[in-house]
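Please examine the following chain.

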Amino acid sequence: MPIEIHLKKTTKTFQLNIQFEGQSKRIGILGPSGSGKSMTLRCIAGIETPDQGRIQIDGRTHYDSQSHTNIKPQKRNIGYLFQNYALFPTMTVAQNIQAGLKGTKTQNQIQTQKMIQTFQLTGLENHLPSELSGGQQQRVALARIMAYQPDTILLDEPFSALDQYLKDQLQRELIKMLNHYQGTVIFVSHNKDEIYQFSQELLIIDQGKSILYNKTKDIFINPIYQKAARLTGCKNISHIQKIDDHTITAIDWGIQLHLQRPLPQDITAVGYQAHDFLPIWGPKPPNSLKAQITETEELPLQTNYYILPQPPVLAPQPICWTVQRESLEKLQKNGVPDYLQIKEEKLLYLK
């Protein structure tokens with residue numbers, strides 16, 4: 001098993017309790033700000049020491065409270081890319097890359113030159129970090145990590161400080177670079193799109209606790225829990241009242257749903273992706289909402305329409321319907337639909 005993480009750590013203001021075991025070498029950790037993502041990485045790197053637990057990656061135990069094992073950070077052979085890149089401000093690009101190398105002077109120069117070419121830093125060897133763009137600084141930080149060939153790479157929100165254009169460019173570059181890396185990569189983000197691109201398996205955490213661990217695509221298809229659904233992008237979630245094995249009231253949407261499949265026994269809510277609604281012009285079909293649009297949000301690639309539940313419910317939350325740009329022409333031609341139908345096969349059953 002490539003990775004096994006069981007750790008508990010309590011501070012004055014926070015309690016971390018993370019548990020997962022993975023088979024993949026590309027693992028994502030998704031959670032809101034302040035959920036414990038960075039602290040989890042710091043424990044894996046050895047910067048923070050858990051109160052108890054076990055950290056094992058690719059068969060090597062870095063920490064085990066039962067056997068009193070706690071390998072020093074510099075002995076773990078883990079490369080950690082911090083959010084701010086943590087470059088030495090008074091060192092040049094070449095000196096930053098060489099900083100962690102332990103070979104001879106000639107070996108270090110050869111390895112440094114190789115990294116400069118690999119990460120497209122030619123011509124910048126003698127520049128200081130303050131003379132580099134954000135993207136160039138990130139490439140230097142990655143080159144420094146890859147120069148000493150770590151067994152594991154930890155990426156902590158590596159794109160958070162970049163504008164959208166540079167972010168897209170560097171995401172593609174990083175994926176390409178990591179395709180040739182044989183070690184384990186753990187990628188932390190609060191951005192669901194970044195996580196989906198980078199990880200094969202995914203840990204979702206909230207308030208310091210593990211919520212769900214599974215294959216990334218499986219979690220996005222079936223997030224199981226309300227918190228996981230929200231973090232993976234589901235905008236429409238409603239608590240339910242169960243009527244019988246095939247009927248529920250979606251309390252927050254103000255409608256009753258009649259379903260063909262028997263309902264799972266342990267669900268407390270349902271979710272529906274904003275882009276999955278089926279617009280209906282004409283008579284009301286089963287399991288549908290009246291499409292009375294109260295607000296419109298135009299974005300470059302899509303338009304979000306917001307609908308209040310009918311009949312009105314206590315503390316109503318608008319229901320979001322997303323129309324992709326390629327479908328807007330039909331909407332403009334036919335006008336606003338009469339109803340939005342919920343397709344049973346797209347309904348998410350949530351705990």
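This is a predicted model: local features need pLDDT of at least 70, side-chain atom pairs count only at pLDDT 80 or more; totals for chains, interfaces and linings use all residues.

Mentor: Residues are numbered from 1 along each chain as its sequence is written, and side-chain values use heavy atoms, with hydrogens and water left out.

Trainee: What share of the residues in the protein chain is buried?

Mentor: A residue is buried under 20% relative accessible area (1.4 Å probe, protein chains only). The protein chain has 351 residues. The buried share of them is 49%.

Trainee: Which residue in E11 is the bridge partner of Leu203?

Mentor: Strands are DSSP runs of E with at least two residues, numbered from the N terminus. Strands E10 (residues 201-206) and E11 (residues 209-215) run antiparallel and are joined by 6 bridges. They form a hairpin with 2 residues between them, and Gln207 in the turn has a positive phi of about 50 degrees. In E11, Leu203 has as its bridge partner Tyr213.

Trainee: Is Glu344 buried or exposed?

Mentor: Glu344 lies in the loop between strand E21 (339-341) and strand E22 (348-350). Because its relative accessibility is 14%, Glu344 counts as buried.

Trainee: Which backbone nitrogen does the side chain of Glu344 reach?

Mentor: Not counting residues up to four places away in sequence, Glu344 touches Leu259, Gln260, Arg261 and Tyr349, where contact means heavy atoms within 4.5 Å. At 2.8 Å, the side chain of Glu344 reaches the backbone nitrogen of Arg261.

Note on methods:
Helices (H or I, at least four residues) and strands (E, at least two) are DSSP runs, numbered from the N terminus. Buried means under 20% relative accessible area, exposed over 50%, partly exposed in between (1.4 Å probe, protein chains only). A polar contact is a pair of N or O atoms within 3.5 Å; within protein, one must be able to donate a hydrogen and the other to accept it, and residues adjacent in sequence count only if both atoms are side-chain atoms. Two strands pair if DSSP finds at least two bridges between them.
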